[in-house]
Amino acid sequence: MICPHCEQSLLRKERPGNVCGKCGRRYALDPKTNPLRLNDLRVRRVAAKLTEEGRLRCTTGQLWYALSRKSLKDSDAETGCGGVAALFGLVLGVVGLISGAVLFAVLGGLLLVTALGFLIAAASGWRRGRARVSREYFRTELMRQWTDVYGSLPPGVMSDRRYPSPRPSPRTGKGRAADAPASEPGSGGLVLLCPDPSVAVCIDAAGLPARHGLRLVATPDELPAVLGPSSPGTVLVLHDADAAGLALAHRVREAYPEHRVVDLGLPPDAGRDRPNAVPVRGEPPGDAVMDVLRRSGEYPPDQLKRLSKGWGLPLVAVPPAKLLAVVTRAVERAGTATDPERRRAASLGFMTWPGGGGG
């Protein structure tokens, strides 16, 4: 590997305990000792791409996905292990047959059977869609190793340990920002329902809630306290492209028919024909979730079958720049649709005037 400090090529024996044998400095991640085979230079390179060289910020969840894409595809591990087992099995089997050593012959046969199992698993895609480490392990273990060495997360990367709380007001010390449009309980307004804390933290850090008077909530149960029954509001639902995510917007519409619900989530075919959007396979959804999708009549049988197996694409797969652009557009459109003054201005063309210039 290449030392992230002196950029010298290091053999395994030249970097004991994650310390460069040439410059003597410690580094965080060694590709030989972590499940994702990461090194510090790759982490920095991917983080810089996600943040557009520091223009934006991303979360540990978004970084996890970007660094896990390779392991989410068909893993070569089964093929490699199968090849090694087959080679040793063949050698032991031949030696056993030539020498008459029954034990060698039996061990060789067992290894060949094991090799066959690995090859069958590889052919069936058993590991496809399953990352080598979970988001939680990446955040608590791999990123802990990083902060132990460098004192903080990679440049531009934020922790997504907690769902963002409302921004405090400079005047009152609590609630939303003082210059944000009102969106008090019972007064309607704009709400973004986003169950994924990684994505919510990214949106909050970009200033969208404060800029647009947008309220962030993690579950549908929080909507009554934010919207209230007295005035209709707009709920933007941001979700993964898996069964639970796709069912979320339908459930919100059924539960809150008095409010306008906009499905802002990923469609079920979001990862198709996009090399960087590698699907993830989680636990199969329950019957209740699949019943919601079947009742909607929006999904063909082949999609329902795939969704029932746990396949999907998480929101953290969307690069921060694209995510923020989509949410910003949706919030602006929703604000124009619900605010009479903004709707009138848009109809007069004020919303499309170019900046600057004079009369």
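Begin by selecting L192 and showing its surroundings: leaving aside residues up to four places away in sequence, L192 touches I203, L214, R215, L216, V217, L236, L238, L264 and V327. Keep in mind as you look around that this is a predicted model.

Is L192 buried or exposed? Its relative accessible area is 0%, so L192 counts as buried. For a distance check, pick the C-alpha atoms of L192 and L238: they lie 7.1 Å apart in space, although 46 residues separate the two in sequence.

Next stop: helix 2. Select residues 60-72 together with helix 5, residues 135-150; the two pack with their axes 9 Å apart and at an angle of about 100°. Helix 2 and helix 5 are therefore roughly perpendicular. To see the contact itself, show T60, G61, L63, W64 and L67 from helix 2, and R135, F138, R139 and M143 from helix 5.

How far apart are the end C-alpha atoms of helix 2? They are 17 Å apart, which agrees with the 18 Å that its 13 residues should span at 1.5 Å a residue.

Finally, bring back the surface. Helix 2 is largely enclosed by the rest of the structure, because 11 of its 13 residues are buried. Among the buried ones to click through are Q62, Y65, A66, S68, S71 and L72.

Note on methods: Residues numbered from 1 in each chain as written. Predicted model: local features only at pLDDT ≥ 70, side-chain atom pairs only at ≥ 80, totals over all residues. Heavy atoms only, no water. Buried < 20%, exposed > 50% of the residue type's maximum accessible area, 1.4 Å probe, protein only. Contact = heavy atoms within 4.5 Å. Axes fitted to C-alpha atoms, helices over the stretch in contact; angles between N-to-C directions. Helix = DSSP H or I, 4+ residues; strand = E, 2+ residues; numbered from the N terminus. Parallel < 35°, antiparallel > 145°, perpendicular 65-115°, else oblique. Expected span 1.5 Å × (residues − 1).
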